[in-house]
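Please have a look at the model first, and then we will go through it together.

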Amino acid sequence: MTKLSFLLFLCLLCFRNLSAQTDSTTPRSPIPAERIKDTTIPTPKPHTGLHRDSTFRRDSAARHNSMPRHDSAFRHRDSIRRDSVRRDEVRRDSAVRHDSMTLAATIPPPNKKEGPPALTFWKAVLSANPSFNFTGKPVQQPFEVHRSNSKDSLFYLILGILFYFALIRIFFEKYFGNLMTLFFRVSLRQQQIREQVLQTPLPSLLLNLLFIITGGLYACFLLHYSRFGPAINFWLLYADCMAGLALIYLVKFLTLKFSGWVFNISRAADIYIFVVFLVNKMLGIFLLPFLILITFSGPDARDIFITISLVMVLVLLAYRVLAAYRPVRNEIKLTPFHFFLYLCAFEIAPLLLIYKVLLTYLEKVY
């Protein structure tokens, strides 16, 4: 009995192994539709671009890993869905490229000659400006070098001359009164007054210095307002005029003194020297108002004042000749002809010679 049971157990075991082998060789039946329907995972919403593709791939990979590997129908359906999504993406990308190419074809190419719109606009505005020639050809504008025409230094110079004259007038009032009396011949005591004037050499020297200052400034104005004067430095010309005037009268004084000593007519020479320097002192005083007018007047008025002053200078020179002739004739026997020869040789000829030399020098230099 025991052996029979053992044989039955072996037979059942062999039969079971045989049935298992037949089941593994026979194909499985397809999965029912209800089961597939129940196990279907909801399809995610379609995305655009790279993010959508990566999301879809990640979801499909997750579903593929979660599903059983023996489910071939599900894998087939998943591959079909991926292919359809890829075809939709390719179709959409091609449509976008086509639209962008169409839009680029409709835009006209930029005009390189006109430049940017803002630059073209400002160029048109500048060219339409009626007051300035912004876009036209440059025009060369002539200009002159600025030269200052300030007269402050002359103002202070004339103010200093007036102050100098005022000091002489205040401190040597008696000498100044006697000088005016001799010049205008208002008294018959001329010999006595002349002796008093000769005894005060200091105010005489100061007034002679005033004549050098005012006479040099007047001669400087005459040269400065001529055709050669503007090219010369004013202050250098003024210094030259004062030095020339002082040199002329110094030479004249020494010549007259030497002539009086040689010809034994020292008294007549002293009288003539006194008359000459008396007129020079008064000329230095009379030139002061003309210097002020010439300095601060316009061109037309300046010419008028220069003409009037020249007439006054000529009148004073003629007065000097007439005033010196009578006392000199009383001292020595002198005819009018000899006196005229003296004037031509020692008064007129030196002035003409100086004028000619100065004019020739200025023409060569300037």
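This is a predicted model: local features need pLDDT of at least 70, side-chain atom pairs count only at pLDDT 80 or more; totals for chains, interfaces and linings use all residues.

In which helix do Trp-235 and Tyr-238 both lie? They lie in helix α10, residues 234–262, three residues apart, about one turn of the helix, where a helix is a DSSP run of H or I of at least four residues, numbered from the N terminus.

Residues are numbered from 1 along each chain as its sequence is written, and side-chain values use heavy atoms, with hydrogens and water left out.

The structure holds 14 aromatic pairs, meaning rings of Phe, Tyr and Trp (its six-membered ring) with centres within 6.5 Å, called stacked if the planes are under 30 degrees apart, edge-to-face if over 60 and tilted for the rest. In one of them, Trp-235 and Tyr-238 have ring centres 6.4 Å apart and planes at 65°, so the pair is edge-to-face. Ring pairs also link these two with Phe-221, Tyr-225 and Phe-234 into a cluster.

As for accessibility, Tyr-238 is buried at 6% relative accessible area, whereas Trp-235 is partly exposed at 37%; buried means under 20%, exposed over 50% and partly exposed in between, with a 1.4 Å probe and protein chains only.

The rings of Phe-253 and Phe-277 are likewise edge-to-face, with centres 6.3 Å apart and planes at 80°, and this pair links distant parts of the chain, from helix α10 to helix α11.

Methods:
Helices (H or I, at least four residues) and strands (E, at least two) are DSSP runs, numbered from the N terminus.
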